[in-house]
Amino acid sequence: MKGKDIITLHDLTTDEIFKILKTTDILKKQQMKGEVYKPLKGKTLGMIFHKSSTRTRVSFEVAMWQLGGYALFLNKNDLQLNRGETIADTARVLSRYLDAIMIRTYSHDDVVELAEYADIPVINGLTDLTHPCQVLADLYTIYEYKKKLAGLKLAYVGDGNNMANSLLFGCTKVGMDISIASPEMYQPEEFIVKLAKEDAKLTGSSVVITDSVKEAVEDADIIYTDVWASMGQEDEYEVRLKAFKDYQVNQEVVNMAKDDVIVMHCLPAHRGEEITHEVIEGPHSVVFDEAENRLHTQKAILALVM
């Protein structure tokens, strides 16, 4: 996978996804044993942030340090992109200085263009369309708890946003069934669902899009949720609060799933909105293991593509 861009999980093969997950497992166990592994000594990752972050920035920066490399933080005011330099020119210049680029931004098309013109790997740290690195960490976390992926059912409850899109790609690539419960006007974009269903045919999984929480969650092995209003949607907050009032992951919803269901959230969580405090702190929650695994998965991605 050396030199490969990580833009969406739909772009990766099932074998590539499992290679990332296997490498994640190896690197996590190495770290737990205190073993030093620095394959990226002398290499630099440029991290472009147009959206603020806790987990993405810290996990990538620490990952590079633990692998022996250096992470260079670049916010929107640090680059000439903010003053009219083209993405293509920026990609060409940064390719002369860096060994890889991680970008967290709004427009997915900007990341695609950056990757098109860069001569080094480009990693999507989040766009309004997809969040592949998060879902790779999610898949690894599910495997840690369930010891398998194929044949499991994941129920996503909430906004059909970048997380829902990436879970559609990730689940279908590894043979997991996925059911998404969202209000009709907030369901995932049709072209994403179509691509996911194409992947599902290859792996024998299923995709269900519904407005019924009960239909989605029944017999689920995993329940997943995310905030109802993402960064950049603050002006829609009050409208979304009303639209999603019946889509909260609470104890009643957890009880609809299997007895050994695990509950996931990519964080940050708005407790009392999309998920209750009782559930996120309850016995089914794996939210903070999931957050930790961002570090180990990021290390795997960087070690493989740089």
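**Cores, helix packing and loops**

Biologist: Which residues touch the most other members of the largest nonpolar core?
Modeller: This is a predicted model, in which local features need pLDDT of at least 70 and side-chain atom pairs count only at pLDDT 80 or more, while totals for chains, interfaces and linings use all residues. Residues are numbered from 1 along each chain as its sequence is written, and side-chain values use heavy atoms, with hydrogens and water left out. A nonpolar core is a set of buried Ala, Val, Leu, Ile, Met, Phe, Trp, Tyr and Cys residues joined through side-chain atoms within 4.5 Å, where buried means under 20% relative accessible area, exposed over 50% and partly exposed in between, with a 1.4 Å probe and protein chains only. Of the 58 residues in the largest such core, those that touch the most other members are Ile123, Ile142, Leu154, Met176 and Leu302.

Biologist: What does isoleucine 142 touch, not counting residues up to four places away in sequence?
Modeller: Contact here means heavy atoms within 4.5 Å. On that basis, with residues up to four places away in sequence not counted, isoleucine 142 touches Lys147, Lys148, Leu149, Leu152, Leu154, Met176, Ile222, Ile262 and Met264.

Biologist: At what angle do the axes of helix α1 and helix α5 cross?
Modeller: Helices (H or I, at least four residues) and strands (E, at least two) are DSSP runs numbered from the N terminus, and axes are lines fitted to C-alpha atoms, for helices over the stretch in contact, with angles running from 0 to 180 degrees between N-to-C directions. Angles under 35 degrees count as roughly parallel, over 145 as roughly antiparallel, 65 to 115 as roughly perpendicular and the rest as oblique. α1 and α5 are therefore roughly perpendicular to each other. The axes of α1 (residues 14–32) and α5 (residues 132–146) come within 10 Å, and they cross at roughly 65 degrees.

Biologist: Which residues of α1 and α5 make the contact?
Modeller: The crossing of these two helices, α1 and α5, is right-handed; a crossing is right-handed if the near helix is turned clockwise from the far one by less than a right angle, and left-handed if anticlockwise. The contact is made by Ile17, Ile20, Leu21, Thr24, Asp25 and Lys28 of α1 and, on the side of α5, by Leu136, Leu139, Tyr140 and Glu144.

Biologist: How far apart are the axes of helix α2 and helix α12?
Modeller: Helix α2 (residues 55–66) packs on helix α12 (residues 287–305) at an angle of about 50 degrees. That makes α2 oblique to α12, and their crossing is right-handed. The distance between the axes of α2 and α12 is 8 Å.

Biologist: At what angle do α1 and α12 pack?
Modeller: α1 and α12 are roughly perpendicular to each other, and α1 passes α12 in a right-handed crossing. Among the residues that meet are Ile20, Thr24 and Lys28 in α1 and Leu295 and Lys299 in α12. The axes of α1 and α12 lie 8 Å apart, and the packing angle is about 115 degrees.

Biologist: Is isoleucine 120 buried or exposed?
Modeller: Isoleucine 120 has its place in the loop between α4 (108–117) and β4 (122–126), and among the residues it touches are Asp5, Leu94 and Ile101. Its C-alpha atom is separated by 8.2 Å from that of methionine 306, 186 residues apart along the chain. With a relative accessible area of 11%, isoleucine 120 is buried.

Biologist: What is the relative accessible area of asparagine 165?
Modeller: Asparagine 165 is placed in helix α6 (residues 162–173). Leaving aside neighbours within four places in sequence, asparagine 165 is in contact with Leu129, Gly160, Pro188, Glu189 and Ile192. Asparagine 165 is buried, and its relative accessible area is 2%.

Biologist: Where does lysine 147, with its positive phi, lie?
Modeller: Most residues other than glycine have a negative phi. Phi of lysine 147, however, is near 65 degrees, and lysine 147 is exposed, with a relative accessible area of 60%. Lysine 147 lies in the loop between α5 and β5 (153–157).

Biologist: What is omega for the peptide bond from leucine 267 to proline 268?
Modeller: Proline 268 lies in the loop between β9 (262–265) and α11 (277–280). Most peptide bonds are trans. The bond from leucine 267 to proline 268 is cis, with omega near 5 degrees.
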